[in-house]
Structures are given as structure tokens and as C-alpha cells.
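Please look over the sequence and the model shown here.

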Amino acid sequence: ILNRRAPAALQAGKVWWYAKPLNAEAMDEAGQCLVGKHDFSSFRSAQCQSPTPIKELREIRIRRCRGGIGGASAYWRFDFEANAFLHHMIRNLMGSLIQVGQGLRPPEWIAEVLASRSRDMAAPTFAADGLYCSDGRLGNLPIGQKRLERGNGPGISDARQRVGDGP
């Protein structure tokens, strides 16, 4: 996320831009209630083909990137690590976390959304700009190192996605 007054010129479409300050502490507090094994139906796309909405979100890290004047950067990075993701799960989580960061919702609202198991309770789907899959694993090997064979299944067993400072 590019968080400054001026929009991105050279990175348009590659980062999401927001001009007003975001509250890191509120977003982090909201995000931590999502860590663990939960039913993520509230953050699932209607087109999701996963047989179960239960996923284990192992970690969420929200931080401002380093660099720039005074050591702070205009860029934010959000890292999500899970055993698997539902269709649009990260985009829907991001939409809700950003509403908390903007002060539109309190941090405890995320727990209410999660418990409701209703997509209608969550924020709108976040833009795909700036969303990158940084790692994926099939078994214990990174994707691309294990040949998929018939019957082996196409699923990614461990994955990390990030929204942030680009590839």
C-alpha cells in the first residue's frame, strides 16, 4: 500500500494508494484475532470452490516499510501465512483491515465479522493492486520443485501472500 498524499505515477496498478494516515496498532490488533484455525466464510468469495471454509491462518504481519526520510516509508506491507487461502480471502481480509486502519470500524469488529460467517458483514473486496503471492509450497518443497503427477492433486498446501511493496 502506498500511503501518501500523491498517487503513484510509475506504480499505478502495482500498488494500492491511500492518501490519509492508517492506524497500524488498530489494524494489528484486528488482524491478530484472525490468527488460528477458523471458518473464514465471512471472507470467502461467492465463486470459491474450496470444499471447506476452515483454514489455518498462521501469521499476519502488518508493518510500514523502512526507508525514506526519517527511516519511515510511504509503503505498508501486509504478510499473511496460512495452510491455504479461500478465493479472494486476502482481498476480503484486506478490505476489512483497511476499514479498521481508517478508523471506520473498531478492531474488535473483525472478530464479530469472523464469528458471523456472513460475507455481508465484512468490508468490500480490496483491489488486487499490490497483491502478490510471495511463496507457495506443495508438501515440504517450494512450488516448481515437485512435479505434479496424476492423482497427486493440484492444491497448494502452504502459501504466503502479501500486500505491499511490490514483487
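## An aromatic pair in the interior

Tryptophan 76 counts as buried, because its relative accessibility is 3%. Buried means under 20% relative accessible area, exposed over 50%, and partly exposed in between, with a 1.4 Å probe and protein chains only. Phenylalanine 78 is also buried, at 0% relative accessibility.

This is a predicted model, where local features need pLDDT of at least 70 and side-chain atom pairs count only at pLDDT 80 or more, while totals for chains, interfaces and linings use all residues. Residues are numbered from 1 along each chain as its sequence is written, and side-chain values use heavy atoms, with hydrogens and water left out.

## Aromatic pairs

How many aromatic pairs does a search of the whole structure find? It finds four. Rings of Phe, Tyr and Trp (its six-membered ring) pair if their centres lie within 6.5 Å; planes under 30 degrees apart count as stacked, over 60 as edge-to-face and the rest as tilted. Tryptophan 16 and tyrosine 18 are stacked, because their ring centres lie 5.8 Å apart and their planes meet at 5°. Tryptophan 76 and phenylalanine 78 make a tilted pair, with 6.5 Å centre to centre and 35° between the planes.

Tyrosine 18 is buried, at 16% relative accessibility. Trp16, Tyr18 and Phe126 belong to one aromatic cluster.

## Serine 73

Serine 73 sits in strand β5, residues 72–82. Helices (H or I, at least four residues) and strands (E, at least two) are DSSP runs, numbered from the N terminus. Serine 73 is buried, with 13% relative accessibility. Its side chain reaches the backbone nitrogen of tyrosine 75 at 3.1 Å.

## Helix α3

Helix α3 spans residues 109–116, and its buried residues are Trp109, Ile110, Val113 and Leu114. Down the axis of α3, these residues fall within an arc of 140°, so they line one face of the helix. The arc is taken from the directions from the helix axis to the C-beta atoms. The buried residues of α3 pack against α1 (24–32), β3 (36–39) and α2 (89–101). Contact here means heavy atoms within 4.5 Å.

## Two positive phi angles

Most residues other than glycine have a negative phi. Histidine 88 is not a glycine, yet has a positive phi of about 65°. Histidine 88 lies in the loop between β5 and α2. It is partly exposed, at 28% relative accessible area.

Arginine 117 also is not a glycine and has a positive phi, of about 55°. Arginine 117 is exposed, at 54% relative accessibility.

## The nonpolar core

The largest nonpolar core has 34 residues. Such a core is a set of buried Ala, Val, Leu, Ile, Met, Phe, Trp, Tyr and Cys residues joined through side-chain atoms within 4.5 Å. Those with the most contacts inside it are Ile1, Leu34, Phe43, Leu57, Phe78, Phe80 and Ile98. At least two residues of this core come from each of α1, β4 (54–66), β5, α2 and α3. The largest share, seven residues, comes from α2.

## The whole chain

The chain has three helices and eight strands. Along the sequence they follow the pattern β-β-α-β-β-β-α-α-β-β-β. Of the 167 residues, 43% are buried. Among contacts in the chain with a separation of 6 or more, 63% join residues 24 or more positions apart.

Technical notes: Polar contact = N/O pair within 3.5 Å; in protein donor to acceptor, adjacent residues only side chain to side chain.
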